[in-house]
Amino acid sequence: MKKLDSILKQNKEIEDFKVFDVDSEWNLFLEKVGESQPLMEDKSTNVKKSPLSVIFRKPIIYVITIAASFILILGFLFMFKNNDPYRTTVITTNNIEKINMIDGSKIELSQNSKLEYPLHLDDVIDRKIILAGSATFSVKKNDKLPFRVFYGDVLVEVLGTEFVINKKDGMTIIQNISGKIAVSQVLNRNNKRILEKGETLLFKFGNFFVPQDTIKTVVEESKNTNLEPLQKGTPKTKSQKEKPSTPEVKGSTFKLDNVIKGFLLKFHKKKIKVERGTKFDKNTNVKIDINKTYQEILLDLKTQGHIDFKPGDCDDCFIITSPAKKQ
Amino acid sequence: MTKPFENIKDFETTYREYYNPLVNFVNKYINNFENSKEVVQFTFVKIWENKDKIEVHSSPKSYLFQVTKNSMIDYIRKNKNHLSNTELDTNDLNILDDNGKQLDPYIVRQAVENCLKDKKEKSREIFILNKFEGLTYEEIADYLRISKRSVEDNISKLLIHLKKELRNHPDFFD
């Protein structure tokens, strides 16, 4: 293209270059020659090329892109079409809402809560409920359609029963009034507990545990007929129902990491610090009673040999260090 | 020996390709854009009306150039009185130009204008200074107070664009 450079230099001689609208000139030309108008329109579209024809001349990737976006749009349409007529959402502020589901189950939605439930049970595999806030359920027995309540991180599965879901101080409280329900973590279905009639289960920091006496007051006392502690296993062991554990055991089993990061550091930010380079076994299961004060919990962890601590800058501050005896 | 103007579709392509270069070429001698447009339009109408008889021995470009040049000379002769101030530079036109090389700068210029159409004023200026005025990169960088690197970038980008524009041009750079 050396030629191009020399031609470009000749452009210096062109003093004034104007670009005229060729389209209108071409129309004028056609008028003069007496060619029909439609022909001209055909031609102009041919030369300009419609955007679509340009796209389809490009490599197959463009075709794929268009196909993918069509599928996406169709998917959205399908979603909305499917979701809207079959499910509905109820939100309460200061009122209490009573919902009668199509299968005969009754839900009483408490104040400031939100509940999504199905209107139709025709082509579904379960009765899926999504709840935020608190509600009391009275589920009609239906062996084919399990009643599943998604409550944040917790999944409650029942066939037919009455139970209450509530939340207090970041702790999920599930209280079973009659029948039998299965409670599990949404992300980890193996972390599962079975609740017998009258039992209550708490959920916090990814762990289930059985309420201590103090929590009884949270749940309506009239409904706590026989509150027996459940078996306290590690989250991974399969649920061992029907064998009430020894009532002497105090506290619940947590992972050490959850206790320190999810509880002690989270709720006592200014009081508790972890010394740099502190090593502790994150996955050890520790048994503590989270209703105790943080000083007591720290002491418990120290006596169990999981960590050590020393006084911090202020009177009630502590710094967590590596366990003394291990090394 | 071909008959390149028989088909209206091909004719339109040729028309769109050469209309602006021809008008600007004629304007150089007539010095009036309206009249130049008339001359070029007249030329095309004449070619279309005689499309069955025309047999082109060289390329469509050189044929178009020759016919336009003749129309222009006719026009200047006819309007000699009105165009007293326009002097026909016969030296330019008498050169035997079989392949229409005189038209090349105008074709390139049209491509340049197309490329520069949506470019910023700055890159336009850089390009014109370098390619038309023949300034070096250093001189442009100094003149516009920008880095030499940015001058180079601007010009190389535009050149790629320009070559793409010209690649589809029939009987050009063959």
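Q: How much area do chain A and chain B bury between them?
A: About 3500 Å², with 69% of it on carbon and sulfur atoms. Buried area is the accessible area (1.4 Å probe) that two parts lose on being put together, summed over both. This is a predicted model: local features need pLDDT of at least 70, side-chain atom pairs count only at pLDDT 80 or more, and totals for chains, interfaces and linings use all residues. Residues are numbered from 1 along each chain as its sequence is written, and side-chain values use heavy atoms, with hydrogens and water left out.

Q: How many residues does the contact take from chain A and from chain B?
A: Chain A gives 32 residues and chain B gives 35 residues. Contact means heavy atoms within 4.5 Å.

Q: What makes the meeting of A:E25 and B:K37 a salt bridge?
A: The rule asks for a side-chain nitrogen of Lys or Arg within 4 Å of a carboxyl oxygen of Asp or Glu. The side chains of A:E25 and B:K37 meet at 3.4 Å, N to O, so the pair qualifies. Across the interface of chain A and chain B, the rule finds two salt bridges.

Q: Why is A:I60 called exposed?
A: Exposed means over 50% relative accessible area; buried means under 20%, and partly exposed lies in between (1.4 Å probe, protein chains only). A:I60 has 63%, so the word exposed applies. A:I60 is found in helix α5 (residues 60–86) of chain A. Helices are DSSP runs (H or I, at least four residues), numbered from the N terminus.

Methods:
Chains lettered and ligands numbered in written order. Helix = DSSP H or I, 4+ residues; strand = E, 2+ residues; numbered from the N terminus.
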